[in-house]
Amino acid sequence: MNKTHLVDDITGHRRMRRNRKADWVRRLTQENRLTVDDLIWPIFVVPGSNIVDPIPAMPGVNRLSLDKAVEAAKEAADLGIPALATFPNIEMELRDETGSHILEANNLINQVTAAIKKAVPNIGIITDVALDPFTSHGHDGILRDSEIVNDETVDQIVRAAVTQADAGADIIAPSDMMDGRVGAIRRGLDAAGHQSVGIMSYATKFASGFYGPYREAISTGGLLKGDKKSYYIDPANGTEAVRDAALDVEEGADMLMVKPGLPYLDICWRLKEEFGLPVYAYQVSGEYSQIKAAAANGWLDEERAMMETLLCFKRAGCDGILTYFAPAVARLLAK
Ligand code: PBG
């Protein structure tokens, strides 16, 4: 063969492909791995019993009644999934302007926590204290004169956090983005004797278009008036997100979350580098549905896209991922 160029001269004999040439060497050089220990499974719960109600925009994800949620928790524990995050879809009659039902000690979310803790004591339960499942307007805070009021909301979510901890929640994950809530929740929990209950702050929650299917799942999509831009972070802002996380760290967050996940891998990396706390990405409903929809059309290999996105979170510095794929991934990894 007549060579037009000398690759050895160009590469200086350095060839990246040596370490890629066979499966054994690719395994030896792999930098990051996804394991079942990285998974947090978000589940949706509804009142009633024996209900497994499919969510059209999230194929494969169902709203579960308490008994079915307990079964799901058992399944998750058997698969080795460390923790669940629970989200309620409560009756419309129970939703009001201030989301007052969140304060009810025996509300659906607390019932589910208590039931799972009783049946499956070794799985972690992460509960949210944002008001959106409980408000008649779908916002995460209390609405007064077309404003989501910060301090009054914080007061309410602190009380909600204490009832959730009383019910057995292991980690409180406030997703509301009110200022000062992490410190306030920490003080509230400690004053109530819940020193060992942790806080996973949704430190950087962006005003994103990827939450659509979740809002269908908990029936807030049709309720939401306006948008959440006055309290969530602008997708354009990375440095502001780091500052927001810094405040949560100062206020006592034990873990940080970035939400959504894949479009915000730079934020995952920056938070991990900056604070060294455990960092989690929330692969949100829209990210899940994108993969599902493309796969249903035959445009993507679902399993590959699922595993690749989750591995990329690990590469970006995440310690774990909240993902609706959790049971599917756990089953695949167990093979
Ligand atoms: C609100 C909340 C959101 C999600 C969970 N809690 C976002 C929103 O509706 O504004 C989104 C989760 C997902 O999309 O999977 N507190």
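Visitor: Is S175 buried or exposed in this structure?
Guide: This is a predicted model. In it, S175 sits in the loop between strand 8 (171–173) and helix 6 (181–191). Buried means under 20% relative accessible area. At 1% relative accessibility, S175 therefore counts as buried.

Visitor: Which side chain does the side chain of S175 join in a polar contact?
Guide: S175 is among the closest residues to the ligand. Its side chain also has a protein partner, at 2.7 Å. That partner is the side chain of D128.

Visitor: Which residues are the closest to the ligand?
Guide: The ligand is surrounded by 17 residues. By class, eight are nonpolar, two polar and seven charged. The closest are S175, R215, K259, S285 and Y324.

Visitor: How far is a nitrogen atom of the ligand from the side chain of D140?
Guide: Take ligand nitrogen next. For the side chain of K259, an N or O atom lies 3.3 Å from a nitrogen atom of the ligand. For the side chain of D140, the corresponding value is 2.9 Å.

Visitor: How much of the ligand's accessible area does the protein cover?
Guide: On its own, the ligand has 400 Å² of accessible area. The space it takes is the largest cavity. The protein's cover of that area is 100%.

Visitor: What is phi of H13, and is H13 buried or exposed?
Guide: H13 lies in the loop between helix 1 (7–11) and helix 2 (23–29). Its phi is near 70°, a positive value in a residue other than glycine. Exposed means over 50% relative accessible area. At 53% relative accessibility, H13 therefore counts as exposed.

Visitor: Where is S219, and what is its relative accessibility?
Guide: S219 is in the loop between helix 7 (212–217) and helix 8 (239–251). S219 is a residue other than glycine with a positive phi, near 55°. It counts as partly exposed, because its relative accessibility is 27%.

Visitor: Which residue has its backbone oxygen 3.1 Å from a polar atom of the side chain of N107?
Guide: N107 is in the loop between strand 4 (83–88) and helix 4 (108–119). At 1% relative accessibility, N107 counts as buried. The backbone oxygen at 3.1 Å from its side chain belongs to H101.

Visitor: How far apart in space are G12 and W299?
Guide: G12 lies in the loop between helix 1 and helix 2. At 35% relative accessibility, G12 counts as partly exposed. In sequence, G12 and W299 are 287 residues apart. In space, C-alpha to C-alpha, the separation is 40 Å.

Key:
Residues numbered from 1 in each chain as written. Predicted model: local features only at pLDDT ≥ 70, side-chain atom pairs only at ≥ 80, totals over all residues. Heavy atoms only, no water. Near = heavy atom within 4 Å. Polar contact = N/O pair within 3.5 Å; in protein donor to acceptor, adjacent residues only side chain to side chain. Areas by Shrake-Rupley, 256 points an atom, 1.4 Å probe, with all protein chains shown as cover. 1 Å grid on protein atoms, 1.4 Å probe; cavity = no way out; pocket = protein on both sides within 12 Å on 5 of 7 lines; lining within 4 Å. Sits in = over half its atoms within 2 Å of the grid points. Nonpolar A, V, L, I, M, F, W, Y, C, P; charged D, E, K, R; others polar. Helix = DSSP H or I, 4+ residues; strand = E, 2+ residues; numbered from the N terminus. Buried < 20%, exposed > 50% of the residue type's maximum accessible area, 1.4 Å probe, protein only.
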